[in-house]
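Here are some notes to read alongside the model, written as numbered points. Please keep the sequence and the 3D view open while going through them.

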Amino acid sequence: MTTPTPSPTPYAAHPYPGPVPPPAPARSRRAVVAGVIALLLVVAGVAATVWWVRGGEDGPLAGRPRVTDTRAGLSYGIPDGWKHDAAEDSKLIGAFSSQISNTTTASESGGTVLAGRAGQTVPRAGLERTTESAARSNAEFFFPDKPATLEESHATTLDGQPAHTAVLRIEGDDGTARLEMTVVTIHGERTSFLLGLTTGEADPSLARDVDAVLATATVD
């Protein structure tokens, strides 16, 4: 199973963005709440860590090209073997404003990271509930009728801004998928997200890449 491919099909507006539809047969879907994928992002409040998060010389994506998503107000690196196509960004449904994907993996697995901006600002106190709800809704959308297990849920920061991360494991027909979401409220004025999926055969390198993307994301 390859990674779901975004479609330009419009969806009704929601308080938080809806997910990109997967390449599965058309079926009735409930309205979904989207947000952001992220895996175990914990940034300590020390200068060295902040420097690393911002892509210092020793950062995992140091020297790599970056996506600057002005709508989401986020910037994130592109790992080796991943691709960003600005022309394809314009075809994404309204929930999302940019995307990178892995296109070179030889196995039946794939990875996608998407970014976007939520329709309303989420206060710090509501980040946990919002992130977990959005993660479960996306899991149900991408992998209908497949069991999803919450593996991680914790408060964190993204470039010094309050955030929350939820990680789900989904047991599918083609192996175990991972859905990682981070929702961040920036300067108390807007809420944005990063959403990541890895699907198909187990490929630890894809999970590491998603880790690196989220760990080195910055606020524009």
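1. The protein chain in this predicted model contains 4 helices and 10 strands. Read from the N terminus on, its elements follow the order α-β-β-β-α-β-β-α-β-β-β-β-α-β.

2. For the chain as a whole, 52% of the 220 residues count as buried, and the accessible surface amounts to about 9800 Å², with 51% of it belonging to carbon and sulfur atoms. Among contacts with a separation of 6 or more, 62% are between residues 24 or more positions apart.

3. Which residues have the most contacts inside the largest nonpolar core? This core has 23 residues, and the ones to look for are Phe 96, Phe 142, Ile 170, Leu 179, Met 181 and Leu 195. At least two residues of the core come from each of helix H3 (127-142), strand S7 (161-172), strand S8 (175-186) and strand S9 (190-200), and H3 gives the most, with 6 residues. Another core, of 22 residues, lies apart from this one and includes Ala 72, Tyr 76, Ala 115 and Leu 214. As a general background, nonpolar side chains in soluble globular proteins tend to be buried together.

4. A search of the whole structure for aromatic pairs finds 3 of them. One is formed by Phe 96 and Phe 193, whose ring centres are 5.6 Å apart and whose planes stand at 80°, so this pair is edge-to-face. Because Phe 96 lies in the loop between helix H2 (86-89) and strand S4 (98-102), while Phe 193 belongs to strand S9, the pair ties together parts that are 97 residues apart in sequence. Phe 96 and Phe 193 are both buried.

5. Phe 141 and Phe 142 also form an edge-to-face aromatic pair, with 5.7 Å from centre to centre and 85° between the planes. Both Phe 141 and Phe 142 are buried, and together with Phe 143 they form one aromatic cluster.

6. Leaving aside residues up to four places away in sequence, Thr 198 touches Gly 110, Gly 111, Ala 177, Arg 178, Leu 206, Ala 207 and Val 210.

Methods
Residues numbered from 1 in each chain as written. Predicted model: local features only at pLDDT ≥ 70, side-chain atom pairs only at ≥ 80, totals over all residues. Heavy atoms only, no water. Core = buried A, V, L, I, M, F, W, Y, C linked by side-chain atoms within 4.5 Å. Buried < 20%, exposed > 50% of the residue type's maximum accessible area, 1.4 Å probe, protein only. Phe/Tyr/Trp six-rings, centres within 6.5 Å; stacked < 30°, edge-to-face > 60°. Contact = heavy atoms within 4.5 Å. Areas by Shrake-Rupley, 256 points an atom, 1.4 Å probe, with all protein chains shown as cover.
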